Amino acid sequence: IQNLFIWNRLFLLVFCNSTESLIYFSLAVLQALEDGLKRADADPSVKAVTICGENGKFSAGADIRGFSSPNKQGLGLGPIVSLIERSEKPVVAAIEGIALGGGLEVTLGCHYRIAHVQARMGLPEVTIGLLPGAEGTQRLPRLIGVPAALDIITTGRHISASEALKLGLVDEVVEENTVEAAIRLANRLIGQPLGHRRLSLKPVPKLPNMEAFLTEALVKVKKRAQGCLAPELCFQAIKAATEQPFADGVRKERELFNILLTSGQAKALQYAFFAERAVEKWTTPSGASWKTASPQPIRKAAVIGLGTMGRGIVTSLVKAKIPVVALEQDLEYLNTGRKAVMLLLEREAMKMEQGGQTLDFNNPARLQFAVDFDVLRDVDLVIEAVFENMALKKEIFNKLSRICKPEAFLCTNTSALNIDEIASVTSRPQQVIGTHFFSPAHVMRLLEIIYGRHTSPTTIATAMQLAKVMKKVGVVVGNCFGFVGNRMMFPYVQQAVFLLEEGSRPEDVDQVLEDFGFKIGPFRMSDLAGLDVGWRSRKDQGLTGPTLAPGTSARQRHGYRYSPLPDLLCEKGRFGQKTGKGWYQYEKAGGRTAKPDPWIHSFLSEYRDTHQIKTRFIDQEEILERCLFTLINEGFDILAEGIASGPEHLDVVYINGYGWPKHRGGPMFYASTVGLPNILAKLQKYSEIHPDVPQLRPSAFLKKLVAMGNPPLNDWMSYLHRQSNKL
Ligand SMILES: CCCCCCCCCCCCC[C@H](O)CC(=O)SCCNC(=O)CCNC(=O)[C@H](O)C(C)(C)COP(=O)(O)OP(=O)(O)OC[C@H]1O[C@@H](n2cnc3c(N)ncnc32)[C@H](O)[C@@H]1OP(=O)(O)O
Ligand SMILES: NC(=O)c1ccc[n+]([C@@H]2O[C@H](COP(=O)([O-])OP(=O)(O)OC[C@H]3O[C@@H](n4cnc5c(N)ncnc54)[C@H](O)[C@@H]3O)[C@@H](O)[C@H]2O)c1
């Protein structure tokens, strides 16, 4: 706080920015706030105080980086909030832009709160592994009641000013100048009693069935948390507010805050927060970067293919208010696709209505369906989402190159195919790029953006901008088979299948990985995605099917271990959920409840007999290590090859696209917590046992980092000497 104005008889405290655009509490800001308050209190000419932020933003809360610094910046905020509340002079908060975390807690110490209609508020500490630690868990339930406080604190969601008004979190919402409105209110309050406005003195509003409500709420919180500690501790702090006097509740809040602060989960979640922002600042080995490349505006887009992916992509574009043309191969496919898209959009519109927003999709200027490529003449960008087949993709891109206007960008949603080969059939390879969405595309946040040899920086910047507009996290990566996400997943799934050959059951492997925190284990995931997808790809690669050379050993390909188990299941028509049978059995085709299948158990045991594999008990540790360490090992190769510019990229991909538990910070962050020497030793051990599995052989980069003394993750990339130029 640098600007303190004494304005008539009013003291205006203005938080000044620590950065260009956001105010978060550093030690200096806290000290200035405390000094300002004390000065206002001591000055008899000051009759009231207004607290506001600079540049139309109240505050983003404590400086998150401070939590991992030795002097733990921001920890003194609670006493300052109490100091505000105790003031004998009325204090009014003028909330503009955002009031988050400690920022909102400051307003809870104020006697009155006025918000601008576009302001957003929230206590997002839970999302970075913490709880509101400046007495917010004790004041908020007193202000808005336990159910609403529990919802806001355990989810960390942001709320609008109108919702805040409905909940009683703010006293007034204004459309005009919030600071002036706050000053007017402060002036009116001079000399009025404040006791009833001090939240710490108020009781928590009673519920007729508080105990039952809390018991039920805890079950819900735990279920949603999926192994993350913070939501449950947020709950405990709020429960304390219902049971104990304010001062004891604050003590409990501090105790719980400290547990979280020193937990690995908070560290991991805070790493993930900054990693997500770091990947926005993309660079490529050739020196192209977000700093110098400018995105082109996308006023109209097209999606080709309205299957599983195309439907979700169209929905995302419509939600982002980008006019779309949706194209299919014939009228029959078009009608099926149109129905599916309209259903998704209706559902999305309903969800948005609950939040007071609208979605306009029945207007042909916003969404058009077609089978004729001629309608693509005026679009700025096309996203191709047809079958995963190189010949088909090339045919489509060649056509697009001829029909679309010269400046249009051509994107492919391929899961693994070579972007350069696709681009080679166009006359504009510099405008061809991979935009790899994840299923369901209107829900999943990840957008892997793959540049080819000729892709221009403008094209990358435009794809990144598109991700942002679609509220997705874009991660720029290089071109290789499977890119980052799928390339790292192949060895993970491969190990899972090898474990079945050796003695595990699908449900054992899934359970271990779900206990680790994955939303869904590899076999449940395969059943959901459809086993036929991988089968088709393996047939295309000549690993199975009619093109396989006669006499090829069942369990070997190119001299390495191969498991035909997934192929055998597909040959029996077991494609997963869609056929009602896969690695599990389902109640019907299209059913969703996976049940262990005795058929699979006896099939596996016959398979082992046929191939003379001795069934052995495989413990949880081995399941976890073999699946995760091979995935991580591939990650080190990806970094060494320059396919991704840092470990954060791999982590953001895994958290947002593959259900990796965020509270473990992503696979590469997890590797850094396990310790690279431990990972190396385990890979060496398993590789000796399975010499025919190259994915278990430790990456040269991993070995190098261990030899360099296991440096911290932030330093890993400095140990690479880049020669490759992927652009
Ligand atoms: C030793 C033990 C003793 C125990 C004693 C217990 C006592 C406890 C006392 C503790 C007091 C705790 C107080 C409080 O409860 C805790 C907090 O306030 S935690 C912080 C809560 N706030 C947040 O989580 C907000 C996070 N930020 C956002 O959600 C978004 O950034 C935004 C504010 C909505 C803005 O979004 P955008 O406009 O899209 O902008 P960016 O996200 O790209 O951000 C721009 C830039 O700012 C950086 N940044 C944003 N917020 C913070 C922050 N709070 N701290 C640090 N940095 C922040 C962000 O990283 C970007 O910078 P870049 O990374 O690009 O350099
Ligand atoms: N399904 C997934 O989970 C997933 C995830 C990420 C990426 N992908 C990739 O996305 C692409 C599409 O996959 P999908 O699962 O949506 O496939 P899908 O089989 O569900 O749909 C493909 C659609 O493309 C249409 N199509 C085929 N040829 C066409 C043509 N010439 N013109 C117009 N439309 C045509 C088909 O009619 C079909 O509706 C593939 O490259 C796939 O690898 C899929």
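1. Start with the three-stranded sheet. This sheet is open, runs in the order β5-β7-β8 and has mixed pairing. Strands here are DSSP runs (E, at least two residues), helices are runs of H or I of at least four residues, and both are numbered from the N terminus. Two strands count as paired if DSSP finds at least two bridges between them.

2. A word on the basis. This is a predicted model, in which local features need pLDDT of at least 70, side-chain atom pairs count only at pLDDT 80 or more, and totals for chains, interfaces and linings use all residues. Residues are numbered from 1 along each chain as its sequence is written, chains are lettered from A and ligands numbered from 1 in the order in which they are written, and side-chain values use heavy atoms, with hydrogens and water left out.

3. Ile98 has Arg120 in β7 as its bridge partner. Helix α3 (residues 102-109) lies across β5 and β7, at about 90° to β5. Angles run from 0 to 180 degrees between N-to-C directions, with axes fitted to C-alpha atoms, for helices over the stretch in contact. Contact means heavy atoms within 4.5 Å.

4. The chain is divided into domain 1 (4-262), domain 2 (301-477), domain 3 (504-546 + 555-611) and domain 4 (620-721). These bounds come from an automatic or database domain assignment. The C-alpha centres of domain 2 and domain 3 lie 30 Å apart.

5. Next, the eight-stranded sheet. It is open and mixed, in the order β12-β11-β10-β13-β14-β15-β16-β17. Its edges are β12 (367-370) and β17 (473-477), each pairing on one side only. Neighbouring strands are turned by 25° against each other on average, direction ignored. Strands β10 (residues 301-304) and β11 (residues 324-327) run parallel and are joined by four bridges. Ala301 has Val324 in β11 as its bridge partner.

6. Helix α14 (residues 390-403) packs on it, touching β10, β13 (381-384), β14 (409-412) and β15 (432-437). The direction of α14 makes about 170° with that of β14. Helix α24 (residues 647-657) also packs on the sheet, touching β16 (446-451) and β17. Its direction makes about 135° with that of β17.

7. Check the backbone at two loop residues. The peptide bond from Ser439 to Pro440 is cis, with omega near -10°. Pro440 sits in the loop between β15 and β16. Lys321 has a positive phi, near 65°, and is not a glycine. Lys321 is in the loop between α12 (308-319) and β11.

8. Last, the cavity. One cavity of 30 Å³ or more is counted. A cavity is a set of points, on a 1 Å grid over the protein atoms alone, where a 1.4 Å probe fits but cannot get out; lining residues have an atom within 4 Å of a point. Points are joined across faces, edges and corners, and volume is the space filled by probe spheres set on them. The largest cavity holds about 60 Å³.

9. Which residues line the largest cavity? They are Met489, Tyr492, Phe518, Ile520, Met525, Leu631, Tyr654 and Tyr658. The lining has eight nonpolar residues, no polar and no charged. Nonpolar covers Ala, Val, Leu, Ile, Met, Phe, Trp, Tyr, Cys and Pro; charged covers Asp, Glu, Lys and Arg; the others, Gly among them, are polar. Domain 3 and domain 4 each supply at least three residues of the lining.

Methods:
1 Å grid on protein atoms, 1.4 Å probe; cavity = no way out; pocket = protein on both sides within 12 Å on 5 of 7 lines; lining within 4 Å.
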